[in-house]
Amino acid sequence: MADAEDVRRLALALPHVEEIDCDGFDFRVGGKGFVWSYPERQPGQGRVLRTDIAVLYVGDEAEKQALVLGEPALFFTTSGYDGWPLVMLRLDEVDAGRLAELITDAWRMRAPAELAADFDAASDFDAAPDFDAAPDFKESAG
């Protein structure tokens, strides 16, 4: 099980990440958002930032549909996100390794190409870094 602090720790561990000051969380690289709190719109109440749900950049509609249809316990979308390569992730349903992979993939897709290439070269592999070893990271409860 993950939470907003886990998202923050993982996002800030990546190079050149900027955190935008807000009531939830909002992370950008190269001026482009890659993970942020879900701004749920409720009729008559306006927007409420949900820090238990992350919005992730996934690159394209095919990947979005694969995630939403393949893992509906983790991912969902709403009509307000039609046409956007974004999915919502239920943080309380995701484990540490998967969260690190998803955030790193979103970062890679939004980072300037040279920065992403430098990161991959420094990491010497094309997989997500091992954030499971990060101190204070909560492991899945089950």
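**Entry 1: pocket terms.** Before looking for a pocket, I wrote down what one is: on a 1 Å grid over the protein atoms alone, a pocket is an open set of points where a 1.4 Å probe fits, with protein on both sides within 12 Å along at least five of seven lines, and lining residues have an atom within 4 Å of a point. Grid points are joined across faces, edges and corners, and a volume is the space filled by probe spheres set on the points.

**Entry 2: ground rules.** I am working with a predicted model, where local features need pLDDT of at least 70, side-chain atom pairs count only at pLDDT 80 or more, and totals for chains, interfaces and linings use all residues. Residues are numbered from 1 along each chain as its sequence is written, and side-chain values use heavy atoms, with hydrogens and water left out.

**Entry 3: overview.** I looked up the fold and found four helices and six strands; helices (H or I, at least four residues) and strands (E, at least two) are DSSP runs, numbered from the N terminus. Reading from the N terminus, I get the order α-β-β-β-β-α-β-β-α-α. Of the 142 residues, 43% are buried, where buried means under 20% relative accessible area, exposed means over 50%, and partly exposed lies in between (1.4 Å probe, protein chains only). I noted an accessible surface of about 7,500 Å², with 49% of it on carbon and sulfur atoms; the areas come from the Shrake-Rupley method with a 1.4 Å probe. For contacts (heavy atoms within 4.5 Å), I took the pairs with a separation of 6 or more and saw that 51% join residues 24 or more positions apart.

**Entry 4: the largest pocket.** How much space lies in the largest pocket? I read about 190 Å³. Its lining includes Cys-22, Phe-25, Asp-26, Trp-36 and Arg-47. Strands E2 (26-29), E3 (32-42) and E4 (46-57) each supply at least two lining residues, and E3 gives the most, with five. By class I have five nonpolar, three polar and four charged residues in the lining. Here Ala, Val, Leu, Ile, Met, Phe, Trp, Tyr, Cys and Pro count as nonpolar, Asp, Glu, Lys and Arg as charged, and the others, Gly among them, as polar.

I then followed Arg-47 from the lining to its place in strand E4. Arg-47 counts as exposed because its relative accessibility is 54%. Leaving aside neighbours within four places in sequence, Arg-47 is in contact with Pro-39, Glu-40 and Arg-41.

**Entry 5: the core.** Which of its 42 residues touch the most other members? They are Phe-34, Val-35, Leu-89, Leu-99, Ile-103 and Trp-107. Helix H3 (residues 96-110) gives the most to this core, with six residues.

**Entry 6: His-16.** I found His-16 in the loop between helix H1 (4-12) and strand E1 (17-19). Most residues other than glycine have a negative phi. The phi of His-16 is near 60°, a positive value. Is His-16 buried or exposed? His-16 counts as exposed because its relative accessibility is 64%. Beyond residues up to four places away in sequence, His-16 touches Arg-28, Val-29, Gly-30 and Leu-115. His-16 and Arg-28 are twelve residues apart in sequence, with 8.5 Å from C-alpha to C-alpha.

**Entry 7: Arg-8.** Helix H1 holds Arg-8, which counts as buried because its relative accessibility is 18%. Apart from neighbours within four places in sequence, its contacts are Glu-19, Gly-24, Phe-25 and Phe-27. Phe-25 also turned up in the pocket lining.

**Entry 8: two alanines.** Ala-73 sits in the loop between helix H2 (61-70) and strand E5 (75-76), and I list Ala-73 as exposed because its relative accessibility is 51%. Neighbours within four places aside, Ala-73 is in contact with Arg-90 and Glu-93. The C-alpha atoms of Ala-73 and Val-94, 21 residues apart along the chain, are separated by 9.2 Å.

Ala-116 belongs to helix H4 (residues 113-123) and is buried because its relative accessible area is 10%. Not counting residues up to four places away, Ala-116 touches Trp-107, Arg-108 and Ala-111.

Terms used: Core = buried A, V, L, I, M, F, W, Y, C linked by side-chain atoms within 4.5 Å.
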